[in-house]
2 protein chains.
Amino acid sequence: MSLKHALLGMLADRPGSGYELTKRFELSLGNVWSAKHSQIYPELQKMTGLGWVTAGEEGARGRREYTITDDGRAELREWLTAPHRDRNVRNESMLRAFFLWTLPPDDAVRYLEGEADGYRAARASLDALDAGIPWDSSGSDLMGRIVLEQGRQWVDTMAEWADWAAGQVRAGHDATTLDLRRRP
Amino acid sequence: MSLKHALLGMLADRPGSGYELTKRFELSLGNVWSAKHSQIYPELQKMTGLGWVTAGEEGARGRREYTITDDGRAELREWLTAPHRDRNVRNESMLRAFFLWTLPPDDAVRYLEGEADGYRAARASLDALDAGIPWDSSGSDLMGRIVLEQGRQWVDTMAEWADWAAGQVRAGHDATTLDLRRRP
DNA sequence: GGAGGCATGTAAATGGTTACATGATTGG
DNA sequence: CCAATCATGTAACCATTTACATGCCTCC
């Protein structure tokens, strides 16, 4: 049930309409969580029912601005501090990698090289995103930039891994002869 | 629609029943993709309808073994080699991190330190998994171990990041004064 | 006046989790 | 004989995506 909390978190910074929240997902938060407007609008209505947000007057073009309530802030704090054990990972590129042994080695190497390129492209767009944001000294910008840095380290690590993996497959290694070089 | 392909990939190695496939998700594949038996059984039936697998005779305790067909192998190859652009990431811990600025700094630091510990624990269990598998020279073991290595690098990178992030918050940095040390 | 962006919604379908339900076999 | 594990399934619910649907407002 993270969508509600993602919306609460965004509204804790400043009030916004469903449309604006959709844009915030697309522009910044989308790198860690995504949602479409068709899910966001009904969710905001449910959250109004729960008393976590209040809907403002209908403005131009039917615009309706939502504001977080004290109950909403309490719920957000609860979600942030409660222990959470479920590391539910879903990584489709790794799932594919798992089955690359069913392909001729050349095709497997091509896949892994393509992945490495994909990660390098992702790195470039994270850099562009970083450079394009006029970071200020607010708390939300601090955590935004720290999370962005996480994305950068993640794609770098994955690009390195994909290069390494392609090399191992190209060299004809098997699971017992892998060269498991670790970072110092 | 990755579940079908995950099942195809596992059956490409060797035939298996729904129960066994569920176990394979729990024991090895679960680190990159997960599924419950309640989703797997109906899916195998659909795949039989598509001609991607064939169901064997009903054995003891109603056990039914599924075997991948040539059509199934073709579909798997197609899925592995077709270009895929959608990097649809969903990372709930990072989503939380994004909103840590709403907490008192001490609580934010505690969260990040807890994350670092969680990643170190994950590292230990990946090491145990690796040590417990009698890797052989098969192609499936090669890719299995390469993917496991990815998991190891991922959790190491994340533990380092969480330590760094906790330090930055503890030191009272803001987005304009972050110490963005990069790996050499 | 038309294009593009602002703005909101619903419906249908798919994907996934939790809970319910049942029974056979094996090993201690 | 009892517990654990093997083995399969369905139903209800929740989450997510895709497609359908509408209309306003601003700028060129």
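Helix α1 (residues 2-13) of chain B lies across β1, β2 and β3 of chain B and runs at about 90° to β3(B); axes are lines fitted to C-alpha atoms, for helices over the stretch in contact (heavy atoms within 4.5 Å), and angles run from 0 to 180 degrees between N-to-C directions. Helices (H or I, at least four residues) and strands (E, at least two) are DSSP runs, numbered from the N terminus. The model is predicted: local features need pLDDT of at least 70, side-chain atom pairs count only at pLDDT 80 or more, and totals for chains, interfaces and linings use all residues. Residues are numbered from 1 along each chain as its sequence is written, chains are lettered from A in the order in which they are written, and side-chain values use heavy atoms, without hydrogens and water.

**Sheet of chain B**
- The open sheet has three strands in the order β1-β3-β2, with antiparallel pairing (pairing requires at least two DSSP bridges).
- β2(B) pairs with β3 (residues 64-68) over four bridges, and Glu58(B) stands opposite Arg64(B) in β3(B).

**Surface near DNA strand D**
- Of the 19 residues around DNA strand D (a heavy atom within 4 Å), Ser38(A), Tyr19(B), His37(B), Tyr41(B) and Arg64(B) come nearest.
- α3 (37-50) of chain A and α2 (18-27) and α3 (37-50) of chain B each supply at least two residues; α3(B) gives the most, with four.

**Contacts with DNA strand D**
- An N or O atom in the side chain of Tyr19(B) is 2.5 Å from a phosphate oxygen.

Technical notes:
A polar contact is a pair of N or O atoms within 3.5 Å; within protein, one must be able to donate a hydrogen and the other to accept it, and residues adjacent in sequence count only if both atoms are side-chain atoms.
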